[in-house]
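Open the model in your viewer and keep the sequence panel beside it. The tour below goes from one selection to the next.

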Amino acid sequence: MLGEILLSCFNKNGFINRRKVENEFALNNYSIQFRKSYNIDRITNCKQTRKFEEDDRNDVISMLPDLKNKKILDIGFNVGRFTVELARRGKYINVTDFKLSSYDKLKILKKLANKSNKLISVRISDLTSINYKSQKFHLIFTNWLFMYLNDEECYRFLNKSLKWLEKGGYLKFRESCGESVTKLYDYTFDSSVDSLDKQNIPIYRYISVYLKLIEEIRIKDKNGLKWKYEITICCVIPTCIEKAYKWNEIQLMAKKVNALDGDMIPDKQELLNNIADNWIISQEATDIYVDTIERFFADKIFLSEIKKCPMGCVDDPSIMTATIIYQSSVNPYYMRICPFNMPTSDKSFIWTNDEDRSFFKSSLSIAEKKKNSSMFFSYSKKKIHSIFEYATKLNIRLNGFLAVNFLSDNNLDFIDEFIKNANEGAKIIFLESYINNFDKKIKLQKIKCPFVAVCRTRKIHKIVVKDKYPEGVMKYVTSRKWMLIRISINEIKNKYI
């Protein structure tokens, strides 16, 4: 950080601007003291965050899009922890805190930032009265905000924030998640938000509840156009897994996009009922079901294949590598891959991306029990490119990409992006079912690069019968033929690059 500050202080003639150095160091030092001024361990569900605060902060910042010349809203309770980093990346940042006692500290931060030519404005408000012009911001940044809002306030904020964002703008969300119950600590924050004027008692909601709410929100602007949030990627915080064995610290990016003309504006009361009751019951039923299953018939097939893939980075052993398991939402639950049965090492982990919100949350609950820090999870639906983009930001090399029936409802259009992140010897491996040769041909036509397809019908039929799968599962699986498709990145490079 100090090196970056010095580099930013050279003028166009190559000389250091002494006053700029002094201002930058004053801002940096105050920012450090600001972050130390409150105990984040009392705020988060992960009670060791203060020990690795910088790594945690870097993880949150690393997911952000390009913010050059962009306007940013940093909003929430105890705002300021990320403000300087955001100001260094964007053109202008509006800091809005719901906590009255934060104002004096934020005013000092603003003064120091403005001296360093960083445009920051500070505001104290409550959620009921706060408002901004439509399409004002490219990024709305929140950190541990929703856990201090009641259900109606969450709904209200998501509607407002969608209006405040410009088209293609982003909502950045980071929360402590868990059960949909309050945790009774003696919080005495002095928020002026309606439901929090006595105490700020955090609500650790299921991440699936947040995901459903964000994706359900619709608004109509003054021109009659409808808008919604599209979640590009949602995942656990890497540092919290590595250093605290916690999978309940979650971050996501949601993009403002056009909704379909036929999309209905959701009924507020219906959504609130879902948040408080229906979605919770549904999630708990999924958790019970998922918790009873420890293996899938595809595990044995992929396990034998993944052993042939590299486990460490060939070019640089210090770089982390990952094997991506992509779980499609169109598959029934038994047609998945269990990440906990796949091999890992100190420098190689399993990255499971789920297209189903409930299964994503259930996987996090299992990970909390197993405490295997080599298990990473994300949620992204039809946004495979976002996964590779995030892998690049984390400097992760990919050993493989595994999926069951991926070609049933997807095209293989990510080869170039996979190659950019691929480890030497990496492979894309699909297990695909088909009814007849025409069905098989349709799937194979989606592959525009060298591949090998081998029959696995007899082996899979044998697995489901030997392991005594339920009758309905056996009937479905054995009524289909199966092929394993291997795509070697080395072969693609040798042929085309």
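Predicted model: local features only at pLDDT ≥ 70, side-chain atom pairs only at ≥ 80, totals over all residues.

Stop 1: Select residues 151-164, which form α6, and residues 268-291, which form α9. Two packed helices are described by the angle between their axes and the distance between the axes. Here the angle is about 125° and the axes lie 10 Å apart. The crossing of α6 past α9 is right-handed.

Now show the side chains at the contact. On α6, pick Asp151, Glu152 and Tyr155. On α9, pick Lys268, Leu271, Leu272, Ile275 and Ala276. Coloured by class, the residues of this contact come out as 5 nonpolar and 3 charged, with no polar ones.

**Stop 2: tyrosine 245.** Move to the loop that joins α8 (238-244) to β10 (249-258), and select tyrosine 245 there. Most residues other than glycine have a negative phi. Tyrosine 245 is not a glycine, yet its phi is positive, near 55°.

**Stop 3: lysine 468.** Go on to the loop between α15 (457-466) and α16 (471-478), where lysine 468 sits. Lysine 468 also carries a positive phi, about 55°, without being a glycine. Its relative accessibility is 72%, so lysine 468 counts as exposed, the cut-off being over 50%.

How values were computed:
Residues numbered from 1 in each chain as written. Heavy atoms only, no water. Helix = DSSP H or I, 4+ residues; strand = E, 2+ residues; numbered from the N terminus. Buried < 20%, exposed > 50% of the residue type's maximum accessible area, 1.4 Å probe, protein only. Axes fitted to C-alpha atoms, helices over the stretch in contact; angles between N-to-C directions. Left-handed = near helix turned anticlockwise from the far one by under 90°. Contact = heavy atoms within 4.5 Å. Nonpolar A, V, L, I, M, F, W, Y, C, P; charged D, E, K, R; others polar.
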